[in-house]
Amino acid sequence: MAIAGMCLLMLPLAAGTSTFHAQLPQLHAWTVLVNRVRLWYGAPPLKLNVQLCEAAYAYAEELVQNGRLSHVDAQGHRADYRVSAAGYFYWRLGENLAAGQPSWERAVRAWLNSPSHRANLLAHEYRELGIGHSFNDDRRYRTAWTQLLGTRRHVYPVVINLDAYATDTPEVIVYVHGAREAVAMRYRVDEGEWSEWIAPMEWFRCYLPAVEGWHTVSVQLQIGDRIFESSDEIWLSREFVEVAGGRESNHERCAPLLEGFGASVECTTCGEHIVHQPYHLPLHLLGADDFKGIAHILLALHLAQAHLRASVETAAHRTLPHGDT
């Protein structure tokens, strides 16, 4: 197995892009996995970017065909040239490569086990993500995985439900890049009325109309004397629409954000929230990173009065995404 990592800070120019509609559900699922890991370590979620995906996907195919893992392609170009050719006008750019891993989970785990790749993967300054993959059983590595992380000047992405492709509930959790730099913000759902200008929030909840289909959350940020607008969309599936009732808050919807780490949230009758610690580890075996991760998730989800429930079960090994290095 092999991995390689690179970080660039430049600002090039280019044009040209294509789409990956057929792969979007899978790409979003892989993005959610990355964002769960980032959230666990206190980093903001990333938004999938089609232009970065185009560059990442094309290079993954080349890596598999050539059987050589390098940040320099056959034409002598690096990631900055490749994303420019795809039309991504970046300010900051990072690239992680992996080959030979049978799954995206193992590729991510391999990067987490390497200090330089881990630094790329968890860097707070990145806002957007591109994912590429290619498979060929007749080639040396059989699989190749590419990850591009980028930031564009004055582009502040909005991320719904950690950039999931679809949801089965109209209650969604929204992250707003740039909120810390703003003096005021407002939002709207679909073509509805804008909310009042309010104090900026990195995380907030809102409700989509209970109608199956695509829905959009748009956010405007006032930064200095300028207004910046961004949006994200998500598919509301029929499973919810068919049983739609009242809009009562359902804290079980927070479970997917925690279950990837073996943790869960329980809402008690008195309104408190009990966090079951990851992997059923006894309290004396929990590390500082476990507590930090739980605290960050609770803060992001606006859960108050949280308590960590002690466990008497036998300690279990961690089951975070694993990989080969």
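**Helix packing and cores**

Mentor: Helix α1 (residues 24-40) and helix α4 (residues 104-112) pack at an angle of about 30 degrees, their axes being 11 Å apart. Angles under 35 degrees count as roughly parallel, so α1 is roughly parallel to α4. This is a predicted model: local features need pLDDT of at least 70, side-chain atom pairs count only at pLDDT 80 or more, and totals for chains, interfaces and linings use all residues. Residues are numbered from 1 along each chain as its sequence is written, and side-chain values use heavy atoms, with hydrogens and water left out.

Trainee: Which residues make the contact between α1 and α4?
Mentor: From α1, Trp 30, Leu 33, Val 34 and Val 37; from α4, Trp 104, Glu 105, Val 108 and Leu 112. Contact means heavy atoms within 4.5 Å.

Trainee: And by class, what does the contact of α1 with α4 have?
Mentor: Seven nonpolar residues, no polar and one charged.

Trainee: Switching topic. How many residues has the largest nonpolar core?
Mentor: It has 27, and Val 174, Phe 204 and Leu 221 are among those with the most contacts inside it. Such a core is a set of buried (under 20% relative accessible area, 1.4 Å probe, protein chains only) Ala, Val, Leu, Ile, Met, Phe, Trp, Tyr and Cys residues joined through side-chain atoms within 4.5 Å.

Trainee: Which element gives the most to this core?
Mentor: β8 (171-176), with five residues.

Definitions and conventions
Axes fitted to C-alpha atoms, helices over the stretch in contact; angles between N-to-C directions. Helix = DSSP H or I, 4+ residues; strand = E, 2+ residues; numbered from the N terminus. Parallel < 35°, antiparallel > 145°, perpendicular 65-115°, else oblique. Nonpolar A, V, L, I, M, F, W, Y, C, P; charged D, E, K, R; others polar. Buried < 20%, exposed > 50% of the residue type's maximum accessible area, 1.4 Å probe, protein only.
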